[in-house]
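Student: Hi! Could you walk me through this structure?
Tutor: Happy to. Have a look at it, and then ask away.

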Amino acid sequence: MNKIFIFFVHYFLVVSMHCNAQHFSSGDVYLTNYTMMKGQSVIGFVKWRSGEIVSVKIEGEDKGGFRIDKSYRLSVNSSKLKDKKQWYEITLKVSGSLGVVSKQFRIMNDNFIRNKVIAHRGAWKNTGAPENSIAALNHAVRLGCEGSEFDVRMSADSLPVINHDPSVQGVSIAKTSAEELLKLKLANGEPLPTLEDYLKAGMMQSKTKLILEIKPSELGKENSIAATRKIVALVEKLKAQAWVDYISFDYDVCKEVMKLAPYAKVAYLNGDKTPAELASDNFFGLDYHYNVLQKNPSWVQDAKSNKLTINVWTVNEKAMMEELLEKNVDFITTNEPELLLSIVK
Ligand code: MG
């Protein structure tokens, strides 16, 4: 009798633990940082969104080069990393109060370019590639831009695709299925890029960052937030965290990204918040139209004192590029990356 009772208690414990592990997806575990500079030993902390961590074990092909301390801080032991690679793959097996999760992470050697040049919708104007095409992204990479910006929208059946306007070739993205949208071809014959294909193309290199703009949905806030969740989940699934920075005109979208991905660098586009307001909401930076900074000349200094980065869009004239470089802004978003590159070099 006792043995049967113990068997059932054991059975229910195992089943309930299993259910917990299923309930909490690997998306709940994240790192506070995904890159390492030369000579850097501490990468960041392991965090679990929905519970307390009890233990963390490192697995995966590059596990020998990394260690975890008692506060779940991830460090690198460079001398034990066998080969010099662009990135290292580790799996973290995290046990917590709510279950066990295994998740793969990619830690990048930070060789990203720092020259302030952000190609707006890729490098299209002087290359003949369509805006927001993978070809335009590849041109921005080839030119050696620090970042290449692109716009993301969600199909009616929740597939994120790359396009600036709500409609492409007269077809509403938010009201059309992915199957229909993916039949459309850009002017260079490329299919309308999905976010997945776009990120995979961007991750073929490790010099140019991918500046992901989440467009507010024409169907309303709920849709914009749903798109944001899809987009962040896809970035994490592809292990693209080190490549991607986020921008949006929608303040709630920005805050949702920071909630889902506290490690992410997020900048606000709409120009109606002071640097102090952005700083108190933990933004990485402001990304404002040059008119906004002309109307609020103190904001450059205010942003710097609030430790926010400053990105200015969309600057296509040489004189204004020079003026902004003089003010030491962090990034300039431009349709003329070739011109800006010739000035910063
Ligand atoms: Mg954009």
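**Chatting about the fold**

Tutor: Let's start with Asn109, which touches Met36, Lys84, Lys85, Gln86, Trp87 and Tyr88, leaving out residues up to four places away in sequence. Keep in mind that this is a predicted model.

Student: Which strand is Asn109 found in?
Tutor: Asn109 belongs to strand 8, which covers residues 99-109.

Student: And is Asn109 buried or exposed?
Tutor: Asn109 counts as buried, because its relative accessibility is 8% and the cut-off for buried is under 20%.

Student: New topic! How do strand 5 and strand 6 run?
Tutor: They run antiparallel, joined by three bridges. Ile68 stands opposite Leu74 in strand 6.

Student: How many residues are between them in the hairpin?
Tutor: Four, and Tyr72 in that turn has a positive phi of about 60°.

Student: What about strand 3 and strand 6?
Tutor: Three bridges join that antiparallel pair too. There, Phe45 stands opposite Arg73 in strand 6.

Student: OK, on to the inside. Which residues have the most contacts inside the largest nonpolar core?
Tutor: Phe66, Leu212 and Tyr246, in a core of 89 residues. Domain 1 (25-109) and domain 2 (117-344) both give residues to this core, so it lies between them.

Student: What is Leu212 in contact with?
Tutor: Setting aside neighbours within four places in sequence, its contacts include Phe150, Leu195, Ile231 and Tyr246.

Student: What does the second, separate core include?
Tutor: That core has seven residues, among them Val161, Ile173, Leu184 and Leu186.

How values were computed. Residues numbered from 1 in each chain as written. Predicted model: local features only at pLDDT ≥ 70, side-chain atom pairs only at ≥ 80, totals over all residues. Heavy atoms only, no water. Pairing = 2+ DSSP bridges. Helix = DSSP H or I, 4+ residues; strand = E, 2+ residues; numbered from the N terminus. Buried < 20%, exposed > 50% of the residue type's maximum accessible area, 1.4 Å probe, protein only. Contact = heavy atoms within 4.5 Å. Core = buried A, V, L, I, M, F, W, Y, C linked by side-chain atoms within 4.5 Å. Domains from an automatic or database assignment.
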